[in-house]
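Okay, thanks for coming, everyone. I'd like to walk you through one model today, residue by residue, so please have it open on your screens.

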2 protein chains.
Amino acid sequence: MPKLTRIRFLIAVLAFTCSITAMAQETYRLKLAETWGPNSPILGETTRNMAAMAEKMSAGRLQIRIDSSNKHKAPFGIFEMVKAGQYDMGHTASYYYKGLIPNAMYFTTVPFGMIAPEQYAWFYYGDGMALMEKVYRPHGLLSFPGGNTGNQMGGWFREQINSLEDLQGLKMRTPGFAGEVMAELGVAVTNIPPGELYTALERGTIDALEWVGPALDFQMGFHQIAEYYYSGWQEPGAEVQFLINEKTWAKLPEDLQEILRVSMRTAAYDMYAQSTHLSGEAWARMKQDYPEVSHETFPPEVIDALRTATRKLLAEAAEEDPLAKEIISSQAAYLEQVRQWTNISDRAYLNTVSPETGD
Amino acid sequence: MPKLTRIRFLIAVLAFTCSITAMAQETYRLKLAETWGPNSPILGETTRNMAAMAEKMSAGRLQIRIDSSNKHKAPFGIFEMVKAGQYDMGHTASYYYKGLIPNAMYFTTVPFGMIAPEQYAWFYYGDGMALMEKVYRPHGLLSFPGGNTGNQMGGWFREQINSLEDLQGLKMRTPGFAGEVMAELGVAVTNIPPGELYTALERGTIDALEWVGPALDFQMGFHQIAEYYYSGWQEPGAEVQFLINEKTWAKLPEDLQEILRVSMRTAAYDMYAQSTHLSGEAWARMKQDYPEVSHETFPPEVIDALRTATRKLLAEAAEEDPLAKEIISSQAAYLEQVRQWTNISDRAYLNTVSPETGD
């Protein structure tokens, strides 16, 4: 080769190598829509934790912009927006979409179901992830656990519940599947927008309501106007959800897919730890500021009736749809086995080390 | 510039750009020593899970070679080897090193202390990480949570324990701090190498032993020769540990530091989920294969005496060293608050939904 040609060849090789490297260094900008409002504690911190990890681990190659509900105006339309490709990702709760896809319900939490550590075991080492894929793949979506609130409380009541009789005609805000179960027991179930809940409870428009747990209930102020705080049965380990459009997923290089998967997984686990932390703090503060607030558990006859109604509704759902049956059966079988372990470990420990008190 | 000079300048610019990119693409090879033997279930899977995430997220730029104890021959020398820079990283348990640094003990688990979700909350949202840094920084080491076994069982006993009297002179294998507590109650505490434990229990050289929980006890076969499996008090949430030499840490670029931090964090959480899963499976199988195996809890007078002895030993440790006092006080205060939340959530739920059975 003559000298100038050789030089041109060298330039071409260098330019090619650099462009390959540049491709690997391409920046991917994803948009995520979350159900939550701006600056939402715990839930909104989870999406930001995830995005920060992804950006830092990718040296800026993976950037995730988060839109809260004030921006996209569709807090319960995340599933549809991500499916349509309007957003690449979402952070929401699977059971919000049971109207559209009934089988989505089981991947958040189920009454009388698993607590958080049991449910993570089912998701990652049992059949949970595979079953969730069966539900979401047909919609062109991938779904991942998105953070656990911990065991949710049964709600704030202005009067004690001592019998099934006390539930007849009781006006209570409790949405979703738990509301259906409560209705079976004669409760007058209503739904009221979050912003009006405090006033509704204060004025007696409702007699009781169920929200989340101390960490998120605290800022709502219910402990200032209702004395009885009941332990839950309806959402023993509510896991929210990350959704990704599978076309977005497919266009990411393998390293960024793994960065995204691991960022979501860690942010989800972190949310459970943060919920535990803040629930401890908030419950201590509620009791200190309002000593008349009292922890209660539902009497056995109420629990038994709630369980019977839950089983009836689940059996009906299982009969209507083979995939529902597969999911419900998997969860029931897994729970039966893992709960035996929980009972001889954490439950036995908690009961033996402080037998004198249940609260 | 004349043409040839311009071309040479262009080549220089391209070559410089490519070499910068190549630097950012440099491969870092770290060596990790683990306490565990080769193919160790759960524990050994945790280091491999971590290394695989790190490699995949970094597109091969971060490679971690894992040496098991058959290779480095120093299962309980991980701390020293990583401190000396002989290895970049380690996977071990902090409390193994209490002989060298007494304050290392508190970062694994403490008798009558926190269960796993409470302890993760303390590490990541309470003072846990900052206190662990105070203990490890002076040794040029960073320490991170490395995976939780879940609540460990109190051990396998050939006879039931119905009173404090039954513990007098009982020959039991139970190492570490729990052994010291047991000794206060009159137990003849011995340590026996793992490989000889089965025979020692079978032949009556010892009357009882404590190992981990169903998932790891199963392969040891203790359920074939001892009938009574007691719930624990001594290691309510044993968290193993990743160690890193801070010089290794400092030479990693920021993105690889974050990839390493997040890989360790996720692998640790995953280990807790896997332990939960495998414990459920193993306990079900033990009961099926050996129906005479019976779950037991220590009577209140034994629990009370164990707690009193634990408090006495912790108080002595706190008096001897200001940092020990700071750690013990932080854990005690955190536990007091977070346990109130655990009691009204998971504990109340577990007790109300299945009141009929403790196992």
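Let's start with B:Lys73, which counts as exposed because its relative accessible area is 66%; exposed means over 50%, buried is under 20%, and partly exposed is in between, with a 1.4 Å probe and protein chains only. Before I go on, some housekeeping: this is a predicted model, where local features need pLDDT of at least 70 and side-chain atom pairs count only at pLDDT 80 or more, while totals for chains, interfaces and linings use all residues. Residues are numbered from 1 along each chain as its sequence is written, chains are lettered from A and ligands numbered from 1 in the order in which they are written, and side-chain values use heavy atoms, with hydrogens and water left out.

Back to B:Lys73. What about its backbone? B:Lys73 has a positive phi of about 65°, although it is not a glycine. It's in the loop between helix H3 (69–72) and helix H4 (78–83) of chain B; helices here are DSSP runs of H or I with at least four residues, strands are runs of E with at least two, and both are numbered from the N terminus.

Now look at chain A. A:Lys73 also isn't a glycine, and its phi is positive, about 60°. You'll find A:Lys73 in the loop between helix H3 (69–72) and helix H4 (78–83) of chain A, and it is exposed, with a relative accessible area of 66%. The loop between H3 and H4 of chain A holds A:Gly77 too, but that glycine is buried, at a relative accessible area of 12%. If you go from A:Gly77 to A:Pro322, 245 residues apart along the chain, the C-alpha atoms are separated by 26 Å.

Take A:Gln152. It's in the loop between strand S4 (141–148) and strand S5 (155–157) of chain A, and it counts as buried because its relative accessibility is 5%. Leaving aside neighbours within four places in sequence, A:Gln152 is in contact (heavy atoms within 4.5 Å) with residues including A:Glu210, A:Trp211 and A:Glu235. Its side chain also makes a polar contact with the side chain of A:Thr149, at 3.2 Å. By polar contact I mean a pair of N or O atoms within 3.5 Å; within protein, one must be able to donate a hydrogen and the other to accept it, and residues adjacent in sequence count only if both atoms are side-chain atoms.

A:Glu235 is in the loop between strand S9 (228–230) and strand S10 (239–245) of chain A. Buried or exposed? A:Glu235 counts as buried, at 8% relative accessibility. Its side chain makes a polar contact with the side chain of A:Tyr95 (3.0 Å).

As for A:Trp211, look in the loop between strand S8 (208–209) and helix H9 (214–217) of chain A. Not counting residues up to four places away in sequence, A:Trp211 touches A:Gln152 and A:Arg173, among others.

That A:Tyr95 brings us to the rings. There are 37 aromatic pairs over all chains. In one of them, A:Tyr95 and A:Tyr96 are tilted, 5.5 Å centre to centre with 40° between the planes. Here, rings of Phe, Tyr and Trp (its six-membered ring) pair if their centres lie within 6.5 Å, and planes under 30 degrees apart count as stacked, over 60 as edge-to-face and the rest as tilted. Both tyrosines are partly exposed: A:Tyr95 at 23% and A:Tyr96 at 34%.

Over in chain B, the charged end of B:Arg265 sits over the ring of B:Tyr124, 3.6 Å from its centre. The cut-off is NZ of Lys or CZ of Arg within 6 Å of the ring centre and within 35 degrees of the ring normal. B:Tyr124 also belongs to an aromatic cluster that includes A:Tyr120, A:Tyr124 and B:Tyr120.

That's my tour, so let's open it up for discussion.
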